[in-house]
Amino acid sequence: MARKPAAEASLKEPAKDSAESAPPVATNIPRDDLLKLYRDMLLIRRFEEKAGQLYGMGLIGGFCHLYIGQEAVVVGLEAAAKEGDKRITSYRDHGHMLAAGMEARGVMAELTGRIGGYSKGKGGSMHMFSREKHFYGGHGIVGAQVPLGAGLAFADKYLGNDNVTFTYFGDGAANQGQVYETYNMAELWSLPVVFVIENNQYAMGTSVKRSTKSTTFFGRGEAFGIPGEQVDGMDVLAVKAAGEKAVAHCRAGNGPYILEMMTYRYRGHSMSDPAKYRTREEVQKMREEKDAIEHVRQILVSGGHASDDDLKAIDKDIKDIVNDSADFARESPEPPAEELWTDIYAEANA
Amino acid sequence: MAIQILMPALSPTMEEGTLAKWLVKEGDAVKSGDILAEIETDKATMEFEAVDEGTIGKLLVAEGTQGVKVNTPIATLAGEGDEAGDAAPEAAARTNDAQPDAAPRADEPPAEKGKGENSRDETGEAPDKAPAAPKSAVETVSTPEPDASPDWPEGTPVKQMTVREALREAMAEEMERDEAVFLMGEEVGEYQGAYKISQGLLDKFGPRRVVDTPITEHGFAGIGVGAAFGGLKPIVEFMTFNFAMQAIDHIINSAAKTLYMSGGQMGCQIVFRGPNGAAARVAAQHSQDYAAWYAAIPGLKVVQPYTAADAKGLLKTAIRDPNPVIFLENEILYGRTFDVPVLDDFTVPFGKARIARAGKDVTIVSFGIGMAHALEAAETLAQDGIEAEVIDLRTVRPLDYATILTSVQKTNRCVTVEEGFPVGSIGNHLSAWLMENAFDWLDAPVINCAGKDVPMPYAANLEKLALITAADVVEAVRKVTYR
């Protein structure tokens, strides 16, 4: 059943358990795993910063929702996944794709609308997919990915494998009716799906407190019999540990599990959001006291796991990958005009 | 080595903006995420953050300057603040990459620039004109000759079967044939089907493959689409298509568009089926024909059979089709009996209309229950010596334009018949298409017979007035034949 979070993340009492002092859980994590978590989060941050820059230059159009600040959620959960597990999310999806192992080049080129993008330039920021990496989108309608994710889990259960689907959605989507229709069926049919609520406190410009009286989301599965817990989503190690527990629950055939990740996005809802609904100080405080990447950096340095030079080498490596992706995204041609008419229907082959 | 900071585009439509306020001054050290300036876009005042670390060199644009074009250099960032070591020169050079092609064209709007240096080089011109639609799975316009082959070989034995039995047999055969096919919906299992279409399937295939759902169309349609993404071949039964409006986001946004949005990677093999259109005396919320709605969507295929043979052959084709298919049945037709060929594997292709009755004086185009009115009208007209050619479209997407065109070129007259609302109907579309493609062959305007432009009334007399009748069709034919 629903339980209280071990370490509650809150805007009001930030950072008791992070940054300054490494939490005890860190000592159990091997050095290479810590470095990988650091690296994966840093790749997302730098990639998103570059995307923001290319947007500013007019190379990326339309809507562009950056994941900066929330990196620990997807990186921690990917560390709990195995080959064959699936993931599906909303339109704030660049981080999920990179964490799933999709190529930075293909993602960035999709952002610039080029043929080298994952969707040949026809999907854009919000619509990318990779069957190979079991990433099922990239969905632009708030909440729609929730039943779709349960459907992926339905397929795995039907096929008799032990794969799990991570279905990500935000605090905004968490108020949608289809989420509760899905909770009901997912528990009824014991579907192996982890519902991951990325509670970044704001649904576009509406804070959680202004959209619901019931401001904790992890307990909303209780009515359907789905266990859930709240997790400090700025602490990648806490996320990983919670993910492992949830995944074990699903793989054992016990049905779905809800993880409410308390997180924070540093940038606006999309590139054109001036974010006037929160104070600059609030954002600054989270950045300074709760930053997920800084947290792991501190653990690495204070625990003697990595030297400044080691971290600089990682920084350089990441910068190279991101710059290479940006170069590729600029050089890749636009899709040829003929692409207008392809991929509307799959060929029948019966 | 200085990096130029450029005026950013901060909304999808911004071409220039006002540099409202500098929040840094020359000589300030900045790091990634620091706010450099406030910039007024066409929509709002935005904070502009630093991407690179360094020391602010010169502020090139003064506070309060209006109309600063996107990509104009607004400040310089001194490189010495960049990290030490051999990474630094490259990092600086890289972040500089805005300049070579962006800065010189800073006076161009970003949309132009976004079009890319590449495509223009390749083609010599920007591809602003869409190429003509190729012959695709859906558009059969360019087929020179209609396919008039019979649906089953001559001499094949036939048996009498209701539409209901035909649909059930189609599902059973396909579930037998392919383990990935399963049926889900309200009351499809233990209740044996609200309209008894799925009667016996639970006993035959078990609860894994015949899945009863709660009454939550939005949710279970989404789960069905997700299962299709996951490699299964769901048949999602809606108790009626009226309730599918709760699920229409998943049918259109999730099922129909994903293949395109994924650049061809992620198809969705799924059938949405159930009764559609008016039943009898169930009033406005339960009496609507959705053929024209779904037919408007690229990415969907839309089927509306009339006979039992078509119901069976088209449903089998639908289940095998790798695309989302809307399969519109009719409650009134469920109990009607037709000849169905006795064949091991009888299928009917999409996009091939059936000439239900040959004639030379007028072409009547219909589908689904409209065919009942069309055929009845043709009988009446024949008594007056008017020989109508009646075409059953069977699928409204893809549409068999070739068969319609060939017929109209012979008869020079056309009447369309459907049960749906008159505005934006299939008939409207065919009229426009014939005007473009058969103008010189037409001896009269095309007339669309459709339901009345009102919500379906409950009262028996009013309901009768709202629905199309064979008499409406007869009257329309008399108008276009001037007889």
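Let's start with the contact between the two chains. Chain B puts in 72 residues and chain A puts in 58 residues. Contact here means C-beta atoms, placed from the backbone, within 7 Å. This is a predicted model: local features need pLDDT of at least 70, side-chain atom pairs count only at pLDDT 80 or more, and totals for chains, interfaces and linings use all residues. Residues are numbered from 1 along each chain as its sequence is written, with chains lettered from A and ligands numbered from 1 in the order in which they are written.

Helices are DSSP runs of H or I, at least four residues, and strands are runs of E, at least two; both are numbered from the N terminus. By type, this side of chain B divides into 34 nonpolar, 30 polar and eight charged residues. Nonpolar covers Ala, Val, Leu, Ile, Met, Phe, Trp, Tyr, Cys and Pro; charged covers Asp, Glu, Lys and Arg; the others, Gly among them, are polar.

Now the core. The largest nonpolar core has 230 residues. Such a core is a set of buried Ala, Val, Leu, Ile, Met, Phe, Trp, Tyr and Cys residues joined through C-beta atoms within 7 Å. Buried means 20 or more other C-beta atoms within 10 Å of a residue's own, exposed means 12 or fewer, and partly exposed is in between, again with C-beta atoms placed from the backbone. The members that touch the most others include M41(A), L259(A), I364(B) and V477(B). Helix α1 (residues 31–56) of chain A gives the most to this core, with 11 residues. Take L259(A). Leaving aside neighbours within four places in sequence, its contacts include V194(A), I197(A), E229(A) and A246(A).

Next, helix α11 of chain B, residues 308–320. From first C-alpha to last, α11(B) reaches 19 Å, close to the 18 Å expected for its 13 residues. The expected span is 1.5 Å times one less than the number of residues. Why is α11(B) largely enclosed by the rest of the structure? Because 12 of its 13 residues are buried. D310(B), K312(B) and K316(B) are among them.

On to the sheets. Strand β1 (residues 3–6) of chain B is covered on both faces. I3(B) and I5(B) are buried on one side, Q4(B) and L6(B) on the other. Four bridges join β1(B) to β8 (residues 73–78) of chain B, running antiparallel. I3(B) sits opposite L77(B). Pairing takes at least two DSSP bridges between strands.

Chain B also has an open sheet of four strands, ordered β5-β4-β2-β7, with antiparallel pairing. β5 and β7 (65–69) are its edge strands. Between β2 (residues 16–22) and β4 (residues 35–40) there are four bridges. W22(B) has A37(B) as its bridge partner in β4(B).

R397(B) and P398(B) are joined by a cis peptide bond, omega about 0 degrees. P398(B) lies in the loop between β20 (395–397) and α13 (401–411) of chain B. H134(A) is not a glycine, yet has a positive phi of about 60 degrees. Is H134(A) buried or exposed? Buried, with 21 other C-beta atoms within 10 Å. R281(B) also has a positive phi of about 60 degrees, and is not a glycine. R281(B) counts as partly exposed, with 13 C-beta neighbours inside 10 Å.
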